[in-house]
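Trainee: Could we go through this model together, one topic at a time?
Mentor: Gladly; have a look at it first, and then ask away.

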Amino acid sequence: MAPFGLSGRPLQSTMGPMDTNFTLAQYDEAAAFIRSHTRHRPTVGLILGSGLSGLAEQIEDADVVPYRDIPHFPVSTVAGHAGRLVMGRLARATVCTMQGRFHYYEGYSMQQVTLPVRVMRQLGVATLFVTNAAGALNPSFAVGDLMLIEDHINLVGMAGVSPLRGPNLDAFGTRFPAVNRVYTRRLRDLAQKAAAARQIPLRRGIYAQLAGPNFETAAEVRMLRAWGADAVGMSTVAETIVAHHAGMEVLAISTITNTAIDVLDAENEPSHEEVMDAGKLIVPRLTSLLLAVLREMTGG
Ligand code: HPA
């Protein structure tokens, strides 16, 4: 059914280029395609951020589906993002892993960025783990740290760019979702327990999502810190909002790949290479943590 506004005219005509609304049938079409290309019926979703896709290599009995084959899926354009779904067994859970995600700065709409989350939900995924690379705002954080996201500041959303803009699909969730409990308490507690038991240091904090692709000015870094953010990045929040809207449990972990620079005319500057290099070093630690959380979840 076409999405109609109060006027009775299709809403599409009032949509800006920032929106590409999908129908329930389109999400279902993507899910049906994936289902027909895997033996697995995943219940846990995993989104792997920049430089972090190595974790997918640990998946057993893997079935791989490239994004380009899946109806309605965008194709990832950034180096370091593999662009495929990997389904299989990980720590006794059946997972659907995004090896590479979509970013708003690539030119996708927020609905495209978050399409895989809704497709996963249609596949039967009830729990979503989201990872990202982030710059540290909190001065006590160091490169290599893992940060459990407790809450976020959605700067892109506050500026009017939301994946939930446009006709609401009631099959997923309500028109006006609450977002004060996006990062499921039960999973945060599990992650802290799992980390403590295995002596994996785990910071906690607030993640600010910016649109990118540029990094931040020194003044922006100081502003974000003053607003209470501990880490900054260019992803995650749109995905976690869509997951929460659809009733999924969410766990999100930032890997601290660099320190956000808060001094004007500092000698050094952040770079994608720095983020990717640090990501590679953090993958083993992130992998241990996520496997530990999965084991806590599955009792395995
Ligand atoms: N800023 C924004 N995004 C990022 C950063 C950063 O410092 N590091 C990794 N992703």
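**Aromatic residues, cores and ligand**

Mentor: Let me start with Tyr67 and Phe73, both of which are buried, where buried means under 20% relative accessible area, exposed over 50% and partly exposed in between, with a 1.4 Å probe and protein chains only. This is a predicted model, in which local features need pLDDT of at least 70 and side-chain atom pairs count only at pLDDT 80 or more, while totals for chains, interfaces and linings use all residues. Residues are numbered from 1 along each chain as its sequence is written, and side-chain values use heavy atoms, with hydrogens and water left out.

Trainee: What kind of aromatic pair do Tyr67 and Phe73 form?
Mentor: Tyr67 and Phe73 make a tilted pair, at 5.4 Å centre to centre and with 45 degrees between the planes. Rings of Phe, Tyr and Trp (its six-membered ring) pair if their centres lie within 6.5 Å, and planes under 30 degrees apart count as stacked, over 60 as edge-to-face and the rest as tilted.

Trainee: And which residues form one aromatic cluster?
Mentor: Tyr67, Phe73, Phe102 and Tyr108 do, and within that group Phe102 and Tyr108 pair edge-to-face, 5.5 Å centre to centre with 75 degrees between the planes.

Trainee: Why does Tyr108 count as buried?
Mentor: Tyr108 counts as buried because its relative accessibility is 12%, and Phe102 does so because its value is 1%.

Trainee: Switching topic, how many residues does the largest nonpolar core have?
Mentor: That core has 51 residues, and those with the most contacts inside it are Ile70, Leu85, Val119 and Leu128; a nonpolar core is a set of buried Ala, Val, Leu, Ile, Met, Phe, Trp, Tyr and Cys residues joined through side-chain atoms within 4.5 Å.

Trainee: Which residues does Leu128 touch?
Mentor: Leaving aside residues up to four places away in sequence, the residues that Leu128 touches (heavy atoms within 4.5 Å) include Ile47, Val117, Met120, Ala243 and Leu251. A second, separate core has 33 residues, among them Leu187 and Leu286.

Trainee: What about the ligand, and where does Glu216 come in?
Mentor: An N or O atom in the Glu216 side chain is 3.0 Å from a nitrogen atom of the ligand, while a backbone N or O atom of Ala133 is 3.3 Å from a ligand nitrogen atom.

Trainee: How much of the ligand does the protein bury?
Mentor: Taken alone the ligand exposes 260 Å², and the protein buries 95% of that, with accessible areas from the Shrake-Rupley method and a 1.4 Å probe; for residues, only the protein chains shown count as cover.

Technical notes
Polar contact = N/O pair within 3.5 Å; in protein donor to acceptor, adjacent residues only side chain to side chain.
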